[in-house]
Amino acid sequence: MAESTLGGGAQAASTSLKNPRTAAAVRLGLAWLIVGALVALAFSLHETPNRGAAASFSLLIGVALGVTFQRGRFCFFCIFRDFIENRDSSGLFAVLSALAVGGIGYAIVFGAFMPNPSGRGLPANAHIGPVSWVLVAGGLAFGVGMALSGACISGHLYRLGEGYTRAPLALFGSLVGFGVGFLTWHTLYVEAISVAPLAWLPKTLGYGGSLALHLALLSLIAALLLRHLPELPAQAGGKLTWRRIYQAVFVTRWNPLVTGALVGLIGTFAYLRVSPLGVTSQLSSLTRTALNNAGWLGDRLVGLDGFAGCAARVVDTITNNGILIGGLVAGSLAMALFTNRFQLSRLTVRGALTALLGGALMGWGAMVSLGCTVGTLLSGISAFALSGWLFGAAVFAGVWLGIKLRLHA
Amino acid sequence: MNIRRLVTLFAVVALIAVGLALPSFRARADLPESAVVSTEWLAARLDDPKVRVIEVSVIPGVYERGHIPGAVNFVWHTDLVDPVIRDIASPEAFQKLARSAGINADTTVVLYGDNNNWFAAWGAWIFSIYGHEDVRLLDGGRAKWERENRPLSIQQPSHPEGNFTAKPARREIRAFLADVLAVVKGEAEGVIVDIRSPAEYEGRIFAPEGFQELAIRAGHIPTAVNVPWGRAVNEDGTFKSVEELRQLYASVGVDGSKKVYVYCRIGERSSHTWFVLSKILGYDVAQYDGSWTEWGNAVGVPIENPAGTVWGRQ
């Protein structure tokens, strides 16, 4: 089992971390400590005035995402790169599965939130964004930034928990990018975003029609990708034992379809109880608040506060989104420790600089697109928003461009 | 011997319990049930077809993620104001809305919402303007219902179409700029109540922090007295007793002998005070919904600016 690899079997004193048994004990002890701390935090958030169930639930949603992303390797850049470089479509099936399950879940929740989609307005909080060339530009920049920095924003967050040293630099870079986004926002808003349509399929097709089209489109993409699906490992028959369950959860990589379905479910639950999934709102709000306090950015960003999405607000505290992000990193870290996949990666100067630059590109892209691969792509497409599809296509094109230009090498 | 001791102990405990419960009982008892209902009252009538519960919350998604079972959602920004011009909802639009919520001429309408019932009180004002008499507020609003761990539902209610008919707008409970100006000039009798914070009233700030609807001038309407809306409620958001409310307003000369005009920034907080003065105390009250965002921008109307923040001064 994977438990004895840390330390590489060095012969050392039994008290040293070099001893594999001690190392494993420390590793598992730490993992359990994190789990215990998260449970305690979830309970205490629930009892904290002005926090309550929404905060507690956000933490658990974040942990669930961190665990699923880590165990299922749900990293948009890795998934896109596997396909572009190696013609391996297995990761893409996780994305398709997430969108299919997410679409079904959203249709169910929409039916309760807004029984008549053709009426006035849009369903509360759903990530239905303005469709304009700005969204395409934002998606392209985001995709190139992914190739440069080695992951998207949610990817960096969960890989932070695996000890990926470029992640904090890329996330810092994204803060700079958000700042540039705010400074360009006014011009882009006046020129394009203010008159861009908020295209939402159920307005014309209803929920049933939208879901049918949604699933048909995903099926078509899946059919085209099927021949690029590598051979699956042979599965042994026989009885289900505790050992096999342990292997399935903690040792072998999760099946892409299962991983995707879990992401789709988590997204549905998040929308039902708190807000659609997104991981950039707290990050961009931090930047906006900092710029605002420094006097570089006015109190008002015309138009921004009216959109649903991962848009920034001026905030003084940690929002539910910040709690979610914390849960995501902690959940991934706990899983990485349990499965012995935590390892500090070696950082080169080039790797550091490209992480910063790529992060900045992603920050700008996510700011002007009102979200990233999670907020705009996943939560947008699941909500039947045209903006989600367009952003997704632009991000894919950006990653393809970045890889062809060997920016990720 | 032991039994007598036990009985005595029980009696003492019971007396203490009653004593603890009594103050809240007394404070509630004198609020007219025709205007304010308690959470207990409402919880017992959720299945009553004569009672229709309406939520007016302004934070998106609050209603959708859980409302009082059977409650209908009215959206302040589109349902209770005109979506294009600055005005209240038109009689046609409001009649359609109320009918689709299953409201009949004899329905008891109970409103509640987030933000201290401000927007729910606006809803009560609109119902009154269009002539629906039996309109009430849930004491303590959404916050109290949640705090008491009462049930919430995500199910969208569907009620049979009602027969509510909007009567001609009651002009006497809505004031326009000219009406208030007449009071300021002494041409009409009345007393004006500014329900904003002292900082807004004195002109130290234009609007509460974070709010964007601003005026060119800061300060207040001349002769207006300042009673911030929050002084009408207890710490838990429930209304104070009738006697406390009567004394509160009497102390600044608002005793019901003259017509009262209330205003704030856009009319949402002053709806709350309008409700207190007219529905709880029974005074003759008009709400000036143009409020400071109209008055503070209007050309040629007098203002008072005790803080001295008029343009060019600082």
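**Note on a predicted two-chain model**

1. Over all chains, the structure holds 19 salt bridges, a salt bridge being a side-chain nitrogen of Lys or Arg within 4 Å of a carboxyl oxygen of Asp or Glu. Side chains of opposite charge can pair when their charged atoms come close.

2. This is a predicted model, in which local features need pLDDT of at least 70 and side-chain atom pairs count only at pLDDT 80 or more, while totals for chains, interfaces and linings use all residues. Residues are numbered from 1 along each chain as its sequence is written, chains are lettered from A and ligands numbered from 1 in the order in which they are written, and side-chain values use heavy atoms, with hydrogens and water left out.

3. The contact between the chains takes 15 residues from chain A and 10 residues from chain B, where contact means heavy atoms within 4.5 Å. Chain A and chain B bury about 1,000 Å² between them, 47% of it on carbon and sulfur atoms. Buried area here is the accessible area (1.4 Å probe) that two parts lose on being put together, summed over both. Of the area that chain A buries against chain B, 45% is supplied by Phe113(A), Arg120(A) and Arg300(A), more than by any other three residues.

4. The rule finds 1 salt bridge across the interface of chain A and chain B. The side chains of Arg120(A) and Asp79(B) meet in a salt bridge, at 3.3 Å from N to O.

5. On the side of chain A that touches chain B, H4 and helix H10 (256-273) of chain A each supply at least two residues. Helices (H or I, at least four residues) and strands (E, at least two) are DSSP runs, numbered from the N terminus. H10(A) gives the largest share of that side, 3 residues. The residues of this side of chain A divide into 9 nonpolar, 2 polar and 4 charged. In this division Ala, Val, Leu, Ile, Met, Phe, Trp, Tyr, Cys and Pro count as nonpolar, Asp, Glu, Lys and Arg as charged, and the others, Gly among them, as polar.

6. The largest nonpolar core has 73 residues, and those with the most contacts inside it are Phe74(A), Phe142(A), Met146(A) and Ile153(A). Helix H4 (residues 90-113) of chain A gives the most to this core, with 8 residues. Apart from it lies another core, of 61 residues, among them Phe119(B), Ala124(B), Phe127(B) and Phe239(B). A nonpolar core is a set of buried Ala, Val, Leu, Ile, Met, Phe, Trp, Tyr and Cys residues joined through side-chain atoms within 4.5 Å. Buried means under 20% relative accessible area, exposed over 50%, and partly exposed in between (1.4 Å probe, protein chains only).

7. Not counting residues up to four places away in sequence, Phe142(A) touches residues including Cys152(A), Ile153(A), Leu361(A), Met362(A) and Phe391(A). Thr259(A) is found in helix H10 of chain A and counts as buried because its relative accessibility is 0%.

8. Two asparagines of chain B deserve a look at the backbone. Asn116(B) has a phi near 60 degrees, a positive value in a residue other than glycine. Asn116(B) sits in the loop between strand S4 (108-112) and helix H5 (118-129) of chain B, and is partly exposed at 42% relative accessibility. For Asn149(B), phi is near 55 degrees, again positive in a residue other than glycine. Asn149(B) lies in the loop between helix H6 (141-147) and strand S6 (174-175) of chain B, and counts as exposed at 70% relative accessibility.

9. Several salt bridges lie within chain B. Arg170(B) and Glu172(B) meet through their side chains at 3.1 Å, N to O; Arg170(B) is partly exposed at 27%, and Glu172(B) is partly exposed at 38%. Arg171(B) pairs with Asp179(B), the closest N and O atoms being 3.1 Å apart. A network of salt bridges links Glu40(B), Lys144(B), Glu148(B) and Arg150(B).
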